[in-house]
Amino acid sequence: MGGLNQITDKLTYQNPRTLEIEPWLAESWEINSDVTEYTFHLRDGITFSDGSPVDAKAIAANFDVYGLGNIDRKQTISEAISNYERSEVVDAKTVKFYFKASPPGFLQATATPTSGIVSPATRALSADEFGQAPNIIGSGPFVVASEKLGTEIQLAARKDYNWAPVKLSHQGRAKLDGITILTVPEDGVRIGSLLSQQGDFIRQVHSYDEAQVKAAGYTVYGAQTRGTTHAVAFRPSKALVADRKVRQALLHATNSQEIIDTLFTENYPKARSPLSSVSEGFIDLSSELVFDPDLAKKLLDEAGWKTGADGIREKEGKRLSLGVYDSLNYARSKETLQLLAQQWQNVGVELKLLAGEAGTRTKDDLNPEVTPLVPTKVERADPEVLKSQYYPTTRDQLRQQGGKGLGTEFVDAKLNAILDAIASEPNTAKRLDHTQDAQKYLIEQAYVIPLFEEPQSFAGAPYVKDIAFDVVGRPLFYSVSLDRK
């Protein structure tokens, strides 16, 4: 439930209503004319919960890891940061960052949940040690009091906390004395604990539970997220989906509205682009995402796929049969893919849901021959989210050559150039033009089929007051109070 959001602060704060970047640990900043140097001036008197100062040296150490990674400690480069070169500690309160090329998304990157600032002692830990919550020392409004690995984390309010984002109405220590975060995988148990007041606030409220929760007088929060939509992406090095006509056919065989009407609620708007409609740079591509099964059949015919005896199309002795794993992180992913399989079967394409343990899934996901498509989405309130999703050295969802894939020969230099431009163009208007170009190109090539905009779904008891959400829908408990009167 965004535990790191509660125990770490960020260099800056992104206002979820205006999207403006506002002061937090940094009271001010300057950017040079060609947007290759960022200088931040820190606030006075801020400390980590272990007593060490939040100074320029600590900030530099954090961003050196985010920008460069650390192989020895198994720490990878943050996908939110591009073109990072080095940091410079100018003085105790001033830190400067240098970049090999303009990173226009860097200021926003300093406000993301993945850019939380931790103490020098924490930063020195390996990735494995970092996975243990009590080891994470931040400067946030809560500290980790204890952890039962995999089941429970206890947070306690930090009594001397007094450096919230400067424009927040609440200042000083958190209103709550503490938070208990429980891991409860079973949907029914989570809902039951909420409605019986054994719990106050829960994550992952599925659409089929919304009516029950609302009927009990509780609040359902469908916090809209900025970033890419819930979609399926193809791995075009796989021979069966290497032909653009096949991918286009499957795009037009997809009835997103039926999926929403069958499985979801009004909190899940139909996708109109690879980007969500509240994202900066969004362009409405609805006219290119039309459900048209007759067109789908025509395109498959043109691609040489003929209907076989069992109704599934065949070509050169191969059946048009595709494998996919559901996502354990997305709302009703399995049911969504099952319905998608029914829709695709109507045009002669078989979509098989694969099953396997975590290790098998991870291995298969790297092999486009086994997983020629994947359910996908990612949140970030900056256009660079498209590069995070589709560039070969980041998430590489298309499995391009030079990325994570095994034996893939597919590469799209034009797409990669557009994504690079988004991550390096300092002129905002031109950058948004590149963002629109990327969305258009992804659909033109049918690399991705957008389905719906997936919110961060939560529910809270009526006595939970002043819950807030960040720009990607993660909850913030700093200002929350409980009014059980």
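Val 144 has Leu 155, a residue of strand S8, as its bridge partner. Helices (H or I, at least four residues) and strands (E, at least two) are DSSP runs, numbered from the N terminus. The model is a predicted one, in which local features need pLDDT of at least 70 and side-chain atom pairs count only at pLDDT 80 or more, while totals for chains, interfaces and linings use all residues. Residues are numbered from 1 along each chain as its sequence is written, and side-chain values use heavy atoms, with hydrogens and water left out.

Leu 155 also stands opposite Ile 179 in S9. The three strands S7, S8 and S9 form an open antiparallel sheet in that order; two strands count as paired if DSSP finds at least two bridges between them. At the edges are S7 (142–148) and S9 (178–182), each of which pairs on one side only. From one strand to the next the twist averages 20 degrees, where axes are lines fitted to C-alpha atoms, for helices over the stretch in contact, and angles run from 0 to 180 degrees between N-to-C directions. S7 and S8 run antiparallel and are joined by six bridges. Between S8 (residues 152–157) and S9, also antiparallel, there are five bridges. The hairpin of S7 and S8 has three residues between the strands, and Gly 150 there takes a positive phi near 85 degrees.

Two single residues come next. Ala 109 belongs to helix H3 (residues 106–109). Ala 109 counts as buried because its relative accessibility is 0%; buried means under 20% relative accessible area, exposed over 50%, and partly exposed in between (1.4 Å probe, protein chains only). Leaving aside neighbours within four places in sequence, Ala 109 is in contact (heavy atoms within 4.5 Å) with Ala 80, Ile 81, Ser 115 and Arg 380. The C-alpha atoms of Ala 109 and Lys 10 are separated by 9.6 Å, although the two residues are 99 apart along the chain.

Lys 238 lies in the loop between strand S12 (230–234) and helix H8 (239–242). With a relative accessibility of 11%, Lys 238 therefore counts as buried. Not counting residues up to four places away in sequence, Lys 238 touches Pro 368, Glu 369 and Pro 372.

A nonpolar core is a set of buried Ala, Val, Leu, Ile, Met, Phe, Trp, Tyr and Cys residues joined through side-chain atoms within 4.5 Å. The largest has 63 residues, and those with the most contacts inside it are Leu 11, Phe 40, Ile 59, Phe 63, Phe 97 and Phe 142. Helix H2 (residues 56–68) gives the most to this core, namely six residues. Apart from this core lies another, of 60 residues, among them Leu 251, Leu 299, Leu 337 and Phe 452. Beyond four places in sequence, Leu 11 touches residues including Trp 24, Leu 25, Phe 40, Ile 59, Thr 110 and Ile 117.

The protein chain as a whole comes to 16 helices and 24 strands. Of its 485 residues, 54% count as buried. Among contacts between residues at least 6 apart in sequence, 66% join residues at least 24 apart. The C-alpha atoms fill a box of roughly 75 × 55 × 40 Å along the principal axes. The radius of gyration is 23 Å, which agrees with the value near 23 Å for a compact globule of 485 residues; the radius is taken over C-alpha atoms, and the globule rule is 2.2 Å times the number of residues to the power 0.38.
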